[in-house]
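Please look over the sequence and the structure before reading on.

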Amino acid sequence: MRTSTSIPTVPVPHADWRAWAFAVCAATIWFEAIWRSTRDAPASALTPTVAAVAGLATQLVCTALEASLATAAWTSLGRKLRWSALAPALLTASVTEAFAVSVIAERPYLPQLWRVALAGARALPEHVAAGPLAQAFAGFGVLTLLRLGLATCAHVEALRACTGPPASSSGRWRDAALVVLTFYTSSRLAIWWGLDLFRGRSFEP
Amino acid sequence: MTAGQRWHRLNLLALAIALAVLVVTGIAWWRDRVRTFETPRWDAARFVVLAPEAPLDQRERWVVAVSLACPHCQAHLRALATRTAARERRPALTALIVDQPQRPTRVMLGVPLAGGVWWDSTQVWREAWGRRAFGETFRFSAQGELLSSTPAGVVPDSSSIAI
């Protein structure tokens with residue numbers, strides 16, 4: 001017979017409200033970036049406000065899911081992270097992607113080399129004809145690297161406050177980087193495979 | 001069970017589902033990639049004619065995979081007709097109606113098609129050729145050999161030119 005045990009409570013750090021304040025700022029930046037990119041798009045079926053609301057809602061859901069999956073992954077590794085410690089920090093880290101959206105949208109103001117370096121190959125107009133694998137990694141640029149770095153920091157911070165076996169600082173960084181990279185690679189693989197299945201052999205010689 | 005425990009279980013369930021989805025997608029992708037498909041070749045006998053073609057001489061045939069539920073690929077067909085109208089030697093633009101289980105009673109594509117309108121009644125496009133993107137345009141030689149295939153929004157013989 002399985003007995004129910006209560007999860008040890010973790011004291012809420014005073015910095016929590018700051019994490020949520022940053023997350024609110026990040027959400028505002030996301031709204032602004034999507035609103036502006038839709039406004040400047042040559043042909044869009046949605047009004048800027050509708051697109052921004054839908055885009056922000058999607059981003060919030062994705063971040064919440066990412067935090068849930070990460071919390072579960074850490075639980076399976078023997079560390080009990082709080083979702084509420086991770087989710088706002090991950091949303092704040094995602095703001096680099098909002099900048100990437102702005103970089104792509106504001107074509108006339110930045111040289112192409114800068115746009116590709118910052119936002120990845122998706123900044124090139126011809127990337128739409130690229131293959132599924134290239135499409136899956138089309139967003140890889142300096143801003144993605146920055147996001148991965150910030151996400152790793154978010155995990156390390158959450159690990160500091162977690163319950164479970166103590167780990168050294170370098171061990172926390174290594175584990176956090178591994179989890180972040182695993183999540184990133186898995187999501188790219190899913191996009192690659194999904195796009196490939198969606199296309200079949202279309203456009204192949 | 002406390003709310004915290006329920007939340008942890010929910011997270012673990014989400015992780016398990018995500019992992020399962022990833023594995024299933026990977027298996028489906030692998031099975032699809034090892035499957036062999038035919039190289040497309042224009043063979044009129046495999047399709048049902050809905051609107052007859054004009055005499056083609058030695059012109060190329062450009063076949064657009066059209067789903068009747070896809071306004072985007074129909075717009076691409078019309079745009080191609082406009083783009084090629086001024087050419088001295090125009091390709092024979094052809095519509096291949098795909099993913100249509102019942103024979104269409106009336107097909108209004110809004111553009112004259114020298115190559116005719118054909119119905120892919122036996123799913124050659126999807127099942128034999130392994131194609132899935134509507135609006136894909138095939139360039140066939142006069143002998144029916146595939147020269148190229150390009151996505152909607154692109155002029156097939158100048159793939160760098162977007163419509």
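## A hairpin in chain B

Strand 5 and strand 6 of chain B form a hairpin, with five residues between them. In the turn, Gly144(B) has a positive phi of about 90°. The model described here is predicted.

Two of the residue pairs can be named. Arg139(B) has Ser148(B) as its bridge partner in strand 6 of chain B, and Phe140(B) has Leu146(B) as its bridge partner in that strand.

## The sheet of chain B

Six strands of chain B form an open sheet in the order 1-4-3-2-5-6, and the pairing is mixed. Strand 1 (48-51) and strand 6 of chain B stand at the edges with a single partner strand each, so one side of each has no neighbour in the sheet. From one strand to the next, the twist averages 25°.

Helix 2 (residues 71-84) of chain B packs on this sheet and touches strand 2, strand 3 (92-97) and strand 5 of chain B. The direction of helix 2 makes about 160° with that of strand 2 of chain B.

Strand 2 (residues 61-66) of chain B is joined to strand 5 (residues 137-140) of chain B by four bridges, and these strands run antiparallel. Which residue stands opposite Trp62(B) in strand 5 of chain B? That residue is Arg139(B). Arg139(B) is also the residue whose bridge partner in strand 6 of chain B is Ser148(B).

## Domains of chain B

Chain B is divided into domain 1 (1-35) and domain 2 (44-162). Taken over C-alpha atoms, the centres of domain 1 and domain 2 of chain B are separated by 40 Å.

## Where chain B meets chain A

In the contact between the chains, 28 residues of chain B touch 24 residues of chain A. On the chain B side, helix 1 (3-34) and strand 6 (146-150) each supply at least two residues. Helix 1 of chain B gives the most, with 15 residues. By class, the chain B side that touches chain A has 14 nonpolar, 10 polar and four charged residues.

## Helix 7 of chain A and its partners

Two helix contacts in chain A involve helix 7. The axes of helix 3 (residues 83-93) and helix 7 (residues 142-160) of chain A come within 9 Å and cross at roughly 165°. An angle over 145 degrees counts as roughly antiparallel, and helix 3 and helix 7 of chain A are therefore roughly antiparallel to each other. Helix 3 of chain A passes helix 7 of chain A in a right-handed crossing. Among the residues making this contact are Ala85(A), Leu86(A) and Ala89(A) from helix 3 of chain A, and Leu150(A), Ala151(A) and Ala154(A) from helix 7 of chain A. The contact of helix 3 with helix 7 of chain A has nine nonpolar, one polar and two charged residues.

Helix 4 (residues 95-105) of chain A is the other partner described here; its axis and that of helix 7 of chain A come within 8 Å and cross at roughly 170°. Helix 4 and helix 7 of chain A are therefore also roughly antiparallel to each other. Helix 4 of chain A contributes Thr96(A), Glu97(A), Phe99(A) and Ala100(A) to the contact, while helix 7 of chain A contributes Leu143(A), Leu146(A), Arg147(A) and Leu150(A). These residues divide into five nonpolar, one polar and two charged.

Notes
Residues numbered from 1 in each chain as written. Chains lettered and ligands numbered in written order. Predicted model: local features only at pLDDT ≥ 70, side-chain atom pairs only at ≥ 80, totals over all residues. Contact = placed C-beta atoms within 7 Å. Nonpolar A, V, L, I, M, F, W, Y, C, P; charged D, E, K, R; others polar. Domains from an automatic or database assignment. Axes fitted to C-alpha atoms, helices over the stretch in contact; angles between N-to-C directions. Parallel < 35°, antiparallel > 145°, perpendicular 65-115°, else oblique. Left-handed = near helix turned anticlockwise from the far one by under 90°. Pairing = 2+ DSSP bridges.
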